[in-house]
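Here is a brief report for a reader meeting this structure for the first time. Start by looking over the sequence and the model.

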Amino acid sequence: MRVPPLRTIKLPLLLMTPCLLMVPACLVRGAPDSVVERGRVIYLEQCVVCHGPEGRGDGPEAPFLSPRPASLISAGSSVKSDAEFLAVIANGKPRSAMPAWKDRLSEEQRREVLAYIRSLIRFQPKSLTPPPPQERR
Ligand code: HEC
């Protein structure tokens, strides 16, 4: 088989570059069919009535519940580990309206909804590496 000359390979590579550059943006935004996006669908179907659209614990059911649903984006909640959150999602929370989801959502779906909850937190840690000198103003 004849190897195509470099010229013919370069063009497709050039055309592919924007797609490759877009990959990280998709991961952050939650491209359709990403883990976060699948979690969002579950959240909007199952959790939003209590926890609210932004996870603030202010869904339409919230005022009628005692204890009220947690704000999932509070410092107190966001400090909790994935394992802690997954346990609450699987088993519910005793003496509260938080249901157990282990019979209704697969483990994969519980992880997807967790990924979505985490995506509601906007905090981004600042990089500890200072920018290169020429970019500093
Ligand atoms: C019927 C109302 C209701 C629904 C529906 C509901 N929750 Fe909850 N949830 C609660 C209540 C009430 C609590 C307990 C309050 C607290 O933890 O401060 C809670 C607690 C939690 C916690 C623990 C928060 C913490 O800081 O410990 C997580 C995580 C959670 N819910 C996730 C979910 C997810 C994911 C769904 C959907 C799959 C969901 N909840 C659906 C009412 C609800």
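## The nonpolar core

The largest nonpolar core has 11 residues in all: Val36, Tyr43, Cys47, Cys50, Leu72, Ile89, Trp101, Val113, Leu114, Tyr116 and Ile117. This is a predicted model. H2 and H6 are the elements that give two or more residues to this core. H6 gives the most, with 4 residues.

Ile117 belongs to this core. Leaving aside its neighbours within four places in sequence, Ile117 is in contact with Gly55 and Leu72. Leu72 is a core residue as well.

## How H2 meets H6

Helix H2 covers residues 35-46, and helix H6 covers residues 107-119. They pack at an angle of about 95°. Their axes are 7 Å apart. Angles of 65 to 115 degrees count as roughly perpendicular, so H2 and H6 are roughly perpendicular to each other.

From H2, the contact takes Val35, Val36, Arg38, Gly39, Arg40, Ile42 and Tyr43. From H6, it takes Gln109, Glu112, Val113, Leu114, Ala115, Tyr116 and Ser119. By class, the contact of H2 with H6 has 8 nonpolar, 3 polar and 3 charged residues.

Val36, Tyr43, Val113, Leu114 and Tyr116 are in the contact, and these residues are also in the core.

## Around the ligand

The ligand is surrounded by 23 residues. The closest are Cys47, Cys50, Ala70, Ser77 and Met98. Helix H3 (48-51) and helix H5 (82-91) are the elements that give two or more residues to this shell.

By class, the shell has 16 nonpolar, 4 polar and 3 charged residues. Cys47 and Cys50, among the closest to the ligand, are also part of the largest nonpolar core.

Notes
Residues numbered from 1 in each chain as written. Predicted model: local features only at pLDDT ≥ 70, side-chain atom pairs only at ≥ 80, totals over all residues. Axes fitted to C-alpha atoms, helices over the stretch in contact; angles between N-to-C directions. Parallel < 35°, antiparallel > 145°, perpendicular 65-115°, else oblique. Contact = placed C-beta atoms within 7 Å. Nonpolar A, V, L, I, M, F, W, Y, C, P; charged D, E, K, R; others polar. Near = placed C-beta within 6 Å. Core = buried A, V, L, I, M, F, W, Y, C linked by C-beta atoms within 7 Å. Buried ≥ 20, exposed ≤ 12 C-beta atoms within 10 Å, placed from the backbone.
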